Amino acid sequence: MPSERFTKARRVRRRGEFQRVFDLSVRAKGRYLTVLVAPNEAGTTRLGIVASRKLGDAVRRNRAKRLIRQIFRQTRSLPVRPGVDVVVIPRRELFDAPYSNLESDFRGTLERCTARLPVAADAVR
């Protein structure tokens, strides 16, 4: 059974990496979150989460991040090709939604993003 740890290699971590995603990304809004997808040089799919104070106090922000990471981990069959960075911006409505709705909203929003992502290998700058 593969490890479900969320290692550093699977995360968007630095400010410059987040900025690159914000500059080069394809964006789609869902009911509970906004997803940005941009190609990367790492060759693996990485996740970044932006949970600002508008979302709530630290407890609520951390809960939102845990939920998003769990959805990302459990959905191994994500419609994402390797070599992309996925940045998720949760919305307040996320806390009132059942987990199954969150998962389906994440999948649908991610599918819309990746469908609009350029296929060319030279899309990475």
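What share of the 125 residues in the chain is buried? Buried residues make up 41% of them, where buried means under 20% relative accessible area, exposed means over 50%, and partly exposed lies in between (1.4 Å probe, protein chains only).

Before selecting anything, note that this is a predicted model, in which local features need pLDDT of at least 70 and side-chain atom pairs count only at pLDDT 80 or more, while totals for chains, interfaces and linings use all residues. Residues are numbered from 1 along each chain as its sequence is written, and side-chain values use heavy atoms, with hydrogens and water left out.

Next, select the strands, which form an open sheet of 4 with the order β1-β2-β4-β3 and mixed pairing, two strands being paired if DSSP finds at least two bridges between them. β1 (26-29) and β3 (46-49) stand at the edges with a single partner strand each, so one side of each is left without a neighbour in the sheet. Neighbouring strands of this sheet are turned by 20° against each other on average, direction ignored, with axes taken as lines fitted to C-alpha atoms, for helices over the stretch in contact, and angles running from 0 to 180 degrees between N-to-C directions.

Zoom in on β1 and β2 (residues 33-39), which pair in the antiparallel sense over 4 bridges; select Lys29, and its bridge partner in β2 is Thr34.

Now move to helix α1 (residues 15-24), where Phe18, Arg20 and Val21 are buried.

Finish on Arg20, which lies in helix α1 and is buried, with a relative accessible area of 16%. Leaving aside residues up to four places away in sequence, Arg20 touches Ala38, Pro39, Asn40, Arg46 and Asp85, a contact being heavy atoms within 4.5 Å.

Note on methods. Helices (H or I, at least four residues) and strands (E, at least two) are DSSP runs, numbered from the N terminus.
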